[in-house]
Structure formats: C-alpha cells, structure tokens
Amino acid sequence: MKMTIDMPFVSGCTVSECAYNINDSCRAHAITVGDGVHPGCDTFLGAPRHARNSKQSAGVGACKVTGCMHNEDYECVADSIRVGLTADTVNCLTYMGR
Ligand code: SF4
C-alpha cells in the first residue's frame, strides 16, 4: 500500500556527501529535522550513494525544532525548505527563530 501525504517539499539540498543526495536534490521519501534545539537534518547519511536514481524529491515528515516560526506541534508548516551546510553541520536553511 502506498500513502500520499501532504508534506513540505525539500526544494533543494546541497549536501552531496549524503547518500540520499543526487544532483542537489534529496531523494529520500521524507526527512526528519532537528534534535529539539538545532535544525539539523536527522536523515543525513554519510554513506555511498543510494543505488536507485529515483526521481522523487523528499518531504519533511517531522521537525522537532519548536523554536522555529514554521513549526506547529512538532510539524513543519512551511511550503518548502532547503537543506545545506552551515559551518560543518547539515542544517535546515529555512529555519527562522521565533
Ligand atoms: S523550516 Fe523550521 S519547522 Fe520547517 S523543517 Fe526547517 S527548522 Fe523545522
């Protein structure tokens, strides 16, 4: 059974070291953001690339960063987000503190 869920779209990710990244696009089904405080991408996986070159782009399945103005009840309500490196950390670049 496949599920269709309305999620914020990961419109781009520049972290080419991640197994889910192909051509600056995240090809996971969905990502989880944050550890409760920092808006890091919890789905980042520093491993050899996904074998399948799927065309899908990821959604944001969950976000634990309640200090972000786009966060409602541990869910992201932005239309889309971007992910990239801040210093050496893989972060949600759409994060905006309250
Ligand atoms: S924009 Fe805010 S609420 Fe949405 S994923 Fe990024 S940190 Fe979480």
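Predicted model: local features only at pLDDT ≥ 70, side-chain atom pairs only at ≥ 80, totals over all residues.
**Exercise 1. Threonine 14**

Solution. 
Step 1. Threonine 14 belongs to the loop between S1 and strand S2 (21-22).

**Exercise 2. Strand pairing around S8**

Task: State in which sense, parallel or antiparallel, S8 pairs with S1, and in which sense S8 runs to S9.

Solution. 
Step 1. S1 and S8 are paired in the parallel sense, over 4 bridges. Within this pairing, cysteine 13 has valine 83 in S8 as its bridge partner.
Step 2. S8 and S9 run antiparallel and are joined by 4 bridges. Here threonine 86 has threonine 89 in S9 as its bridge partner.
Step 3. S8 and S9 form a hairpin, with 2 residues between them. In the turn, alanine 87 has a positive phi of about 55 degrees.

**Exercise 3. The largest nonpolar core**

Task: Find which residues of the largest nonpolar core touch the most other members, and which strands each supply at least two residues of this core.

Solution. 
Step 1. The core has 20 residues, and those touching the most other members are Val10, Cys26, Ile31, Val33, Val60, Ile81 and Val83.
Step 2. At least two residues of this core come from each of strand S1 (9-13), strand S4 (30-33), strand S5 (59-63), strand S8 (80-86) and strand S9 (89-92).
Step 3. As background, nonpolar side chains in soluble globular proteins tend to be buried together.
Step 4. Take valine 60 as an example. Its contacts, leaving aside neighbours within four places in sequence, are Met7, Pro8, Val10, Ile31, Val33, Cys76 and Ile81.
Step 5. Isoleucine 81 is in strand S8 and counts as buried, at 2% relative accessibility. Beyond four places in sequence, isoleucine 81 touches Phe9, Val10, Ser11, Gly12, Ile31, Val33, Val60, Cys76, Cys92 and Thr94.
Step 6. Glycine 59, in strand S5, is buried as well, with a relative accessible area of 5%. Leaving aside neighbours within four places in sequence, glycine 59 is in contact with Met7, Pro8, Val10, His29, Ala30 and Ile31.

**Exercise 4. The ligand shell**

Task: List the residues around the ligand and sort the shell into nonpolar, polar and charged.

Solution. 
Step 1. Around the ligand are Val33, Pro39, Cys63, Cys68, His70, Asn71, Cys76, Ile81, Cys92, Thr94 and Tyr95.
Step 2. The shell divides into 8 nonpolar residues, 3 polar residues and no charged residue.
Step 3. Tyrosine 95, in the segment after S9, is partly exposed at 35% relative accessibility. Apart from neighbours within four places in sequence, tyrosine 95 is in contact with Pro39, Val65, Gly67 and Cys68.
Step 4. Isoleucine 81 and tyrosine 95 are 14 residues apart along the chain, and their C-alpha atoms are separated by 8.3 Å.

**Exercise 5. The salt bridge**

Task: Name the residues that form the salt bridge and explain which parts of the chain the pair ties together.

Solution. 
Step 1. The structure holds 1 salt bridge. Aspartate 42 forms it with lysine 64, and the closest N and O atoms are 2.9 Å apart.
Step 2. Aspartate 42 lies in the loop between S4 and S5, and lysine 64 in the loop between S5 and strand S6 (71-72), so the pair ties together parts that are 22 residues apart in sequence.
Step 3. Both partners are partly exposed: aspartate 42 at 41% relative accessibility and lysine 64 at 35%.

Note on methods. Residues numbered from 1 in each chain as written. Heavy atoms only, no water. Core = buried A, V, L, I, M, F, W, Y, C linked by side-chain atoms within 4.5 Å. Buried < 20%, exposed > 50% of the residue type's maximum accessible area, 1.4 Å probe, protein only. Contact = heavy atoms within 4.5 Å. Near = heavy atom within 4 Å. Nonpolar A, V, L, I, M, F, W, Y, C, P; charged D, E, K, R; others polar. Salt bridge = Lys/Arg side-chain N within 4 Å of Asp/Glu carboxyl O. Pairing = 2+ DSSP bridges.
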